Amino acid sequence: MTGITALSLEIGQVVAEAEFALSRNSLVRYAGASGDFNAIHYRDDVAQSVGLPGVLAHGMLTMGLAVQPVVDWIGDPGRVLDYQVRFTRPVPVDAAEGALVRVTAKVGALETDIARIDLTVTFDGATVLGKAQVRVSVA
């Protein structure tokens, strides 16, 4: 039990922040775990041949990382009732420098036993997930 209740929260309150460093090795490990071996996630020449700036992080990897600070804050993944995002911008992962994804989670709305947590997810100062919202039980 985390002691988090709707009464302990305020709209606009930041409840979690995190940064996630992605590397090409991260993408290879995610591809193995997810089964998504699309070459745009590990070959620059293939990514560039379809008009992309280079190798991109998997969208589902970015989505999964973005919700983790909320899961850590709420203390139980079973309290996540719903999670939705829109993929608005790709996350290019440089071969040498990788990519740093930043997540800020704020209370967006409160009901009696449910909080909507709005995520701001950015890479290089630009939002990469739009309308990223997590509904969690705060009962």
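Does K131 count as buried or exposed? I found K131 at 54% relative accessibility, so K131 counts as exposed, where exposed means over 50% relative accessible area, buried under 20%, and partly exposed in between, with a 1.4 Å probe and protein chains only.

Before going on I noted that this is a predicted model, in which local features need pLDDT of at least 70 and side-chain atom pairs count only at pLDDT 80 or more, while totals for chains, interfaces and linings use all residues. Residues are numbered from 1 along each chain as its sequence is written, and side-chain values use heavy atoms, with hydrogens and water left out.

**Backbone entries.** I placed K131 in strand β5, and its phi is positive, about 40°, although K131 is not a glycine. I then looked up D124, which lies in the loop between β4 and β5 and has a positive phi of about 55° without being a glycine. At 68% relative accessibility, D124 counts as exposed.

**Chain entries.** I took helices (H or I, at least four residues) and strands (E, at least two) as DSSP runs numbered from the N terminus. The chain has three helices and five strands, and along the sequence they follow the pattern β-α-α-α-β-β-β-β. The C-alpha trace spans about 50 × 30 × 20 Å along its principal axes, and 43% of the 139 residues count as buried. Contact here means heavy atoms within 4.5 Å; of the contacts between residues at least 6 apart in sequence, 67% join residues at least 24 apart.

For L22 I listed the contacts beyond its neighbours within four places in sequence, and they are A57, L61, L65, V91, V93, G98, A99 and V101.

**Helix entries.** Which residues of α1 are buried? In α1 (residues 24–34) I found R24, S26, L27 and A31 buried. They lie on the same side of α1 because they cover an arc of only 150° around the axis, the arc being that of the directions from the helix axis to the C-beta atoms. The face of α1 turned away from this buried side carries the exposed residues N25, R29 and A33, and the cover over the buried residues includes β1, α2 (44–49) and α3.

I turned to H58, in the loop between α2 and α3, which is buried with a relative accessible area of 1%. Not counting residues up to four places away in sequence, H58 touches L27, Y30, A31, D36 and H41.

My last entry is A66 in helix α3 (residues 59–74), which counts as buried at 1% relative accessibility. Its contacts, leaving aside neighbours within four places in sequence, are Y83, V103, L119, V121 and L129. The C-alpha atoms of A66 and A16 are separated by 11 Å, with the two residues 50 apart along the chain.
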